[in-house]
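Reader: Hi! Could you walk me through a structure I have just opened? I'd like to chat about its rings, its strands and any space inside.

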Amino acid sequence: MKKSLFLILCLSLSSVIGAAQELQPNKKWGKPTQEELTMTEYAADPDAEAVILYNKVETYYTIRTNGFLITNEVKCRIKVLKPDGKDWGDVSIGYRDHETNHDIKEKVVGLKGTSYNMENGSLVKAKLESSMIHEERLDKEDKQIKFSMPKVQVGTVMEYEYRIESEIFYDLRDWYAQTGIPVLYTEYSLSVPEWFRFSIEESGVNHLDKEQSSSSINLGSDIIPTKEYTFVGQNLPALKDDDFVWHARDFGNKVTHELRGIYVPGQVHKNYTTNWEDIDKILADDNEFGGRLKKSSPLKEEIAASDIPSIADKKARALAVFQLLKKKVRWNGNYAFEAKSASKLLKEGTGTNADINFLYINMLRDAGIEAVPVVLRKRSNGRLPLTHASIKYLSTFVVGIQDTDSTLCYIDASVEAPSMNILPPVLLAERARVFSPKGQGVWVNLQMTANGKAKRVIQGKLDSQGKLTGLCNNVYSDEEAARVCKKWREATDSLSMISRMKERDGIDITKYQRKSLANKALTVRESVGFTKQFDTAGDQIYLNPLVLIPMKENPFKSEKRDLPVEFPYCQQETLNVMIELPAGYQVEDMPSPIALEFDGMAAHVICKKNDNQLTVQYRIEIAKPFYDQSQYAELRSFFDKLVESCNQMLTVKKI
């Protein structure tokens, strides 16, 4: 009998635990359940700092006397599970409100919010007050509303809702099913009048339930048929940013839209962009884009009076123009697609990369060099759609300079040093389009034009007390040189940079020199004099033969990964070490050489001894910038083995 009662109790308990683990979506707004209020972790992701319990977005058209209005209704409920999860109570809502073009106008209305907390067994509510809501302008086209939910703490359930009413009837907001925390339930419904034809693309690796149906809206006495779309996602994992992915949302579940055309029976029949050739032509006809490319620059006479037009080598001439440009204006740190006038730019002396790039193209034209914009989407903003052409996702452009009849070289105003084919990693788009006013643009992969090289040579002398006195000469080329320049440019001061080097490598720096050379290629040379103390025990010295360890730990720490791995660019690094051992000492056990290869990656570490000279060679090459998540285990193993070899110690012992 006791066994039976015990069995029943176990079964009952397991059923309660199972029910707790299978949290069901609560679709009742304004009424969090007891289970939501008392939960302490999300079973599907116990480490989650918070979880979206319910998120619903409804997008639909209504008709007003002056045209169509798009309404986006948003409702969101979040549970805070850990201290870091409180940050999800700080919310920003971006919307468009052009300063001068009143056709580009949206507004946020109906913003409400409530926080729910259990205090001494009772439910306590806190309302979002107007004093907690702030509006700010981001630029001439964009604004945002920011608010912080009240009394947010571990255990809080918070709900907020709002509507975005948009007069931009031709532009639908993209919908993202996943975010930086897991999602229990999310839903997106879209109702589009049949007059509007959109390319609607749903992408992502997780399953979404999808439905499509028909309905209608009234226009006076007329009825307009509508197409209804619904997407539902449940138990979706967190989509977290990572050091080795540019835009995590590229790989999450989402729905994007692009207007193909408007077809009003008997009145309007207008096609919009259907392919990239059409976009080329639209840009060519745009006075602020194609029109600007035909102009001379305000610096035409200054260029003609200089020796620039007489420089025979085309690249050298283009770089001379760039040097003149950089004396006149500086980059303000922002990327853009549209630009202010050249005269205004020169007057103000600062501008976006688009402002400066347009002027640079005009100056190149004055110097007898053909150049074109190469339009793209910044890597941090995501990839361009693959299934349809889209002008709205273009975010900036770089300058393509005709090197030969069939090749281009690239430069952007955001680079400090004048060098070809060295672009900031954020602009190294896999798909960039060389603009053609005749609609004959071509695609280029800017990633494959970029390369970073680092060559390091260490020469040192080890004494019997384990102290190494050495000199390290570094040569950085191309993208690696640009990275080093940027690092020093952004540093507070030189002393802070040297202090970081000392701390990172465990050395005392006795001398430091650095020199940058910029011409057709960018090179940075460093010379570092240093001493480093290794551990000793009696007549033994414990030495890492690489001295300044190139890879101390594996950058890929997680056992599994849901996102691909994206390196900023292809790269090579070599380190050659030559150490003179103290007289009467020898290496007790030489480390075994290691050679690794994996799909575009190769690395080796080789250690040799000749008389009292110890030499080590380290090399790694990454010839491929993108690795799918299915390759992650092998990629992580590659770096595990390399890190193990880099941290291998050897013993130097007195004979």
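Predicted model: local features only at pLDDT ≥ 70, side-chain atom pairs only at ≥ 80, totals over all residues.

Reader: Thanks! How many aromatic pairs does a search of the whole structure find?

Author: The search gives 30. Rings of Phe, Tyr and Trp (its six-membered ring) pair if their centres lie within 6.5 Å; planes under 30 degrees apart count as stacked, over 60 as edge-to-face and the rest as tilted. One of them is the edge-to-face pair of F68 and F196, at 5.0 Å centre to centre with 85 degrees between the planes.

Reader: Which parts of the chain does that pair link?

Author: Distant ones: F68 is in strand 2 (residues 67-80) and F196 in strand 11 (residues 196-203), 128 residues apart. Strands here are DSSP runs (E, at least two residues), numbered from the N terminus.

Reader: And is F68 buried or exposed?

Author: F68 is buried at 15% relative accessibility, and F196 is buried at 5%. Buried means under 20% relative accessible area, exposed over 50%, partly exposed in between (1.4 Å probe, protein chains only).

Reader: Nice. Which residues form the aromatic cluster?

Author: F244, F556, F567, F598, Y627, Y632, F638 and F639 form one cluster. Both F556 and F567 are buried.

Reader: Switching to strands: in what order do the three strands of the open sheet come?

Author: The order is 3-7-6, with antiparallel pairing. Strand 3 (90-96) and strand 6 (133-137) are the edge strands, each pairing on one side only. Two strands pair if DSSP finds at least two bridges between them. Strand 3 and strand 7 (residues 142-148) have seven bridges, and Y95 stands opposite K143 in strand 7.

Reader: What about strand 23 and strand 24?

Author: Strand 23 (residues 451-462) and strand 24 (residues 467-477) are antiparallel over ten bridges. Their hairpin has four residues between the strands, and G466 takes a positive phi near 85 degrees there. Strand 24 is also joined to strand 26 (residues 522-533) by eleven bridges, again antiparallel.

Reader: Last one: which strand gives the largest share of the lining of the largest cavity?

Author: Strand 33 (residues 601-610), with three residues. Residues lining that cavity include P545, V605, I606 and Q648.

Notes
Residues numbered from 1 in each chain as written. Heavy atoms only, no water. 1 Å grid on protein atoms, 1.4 Å probe; cavity = no way out; pocket = protein on both sides within 12 Å on 5 of 7 lines; lining within 4 Å.
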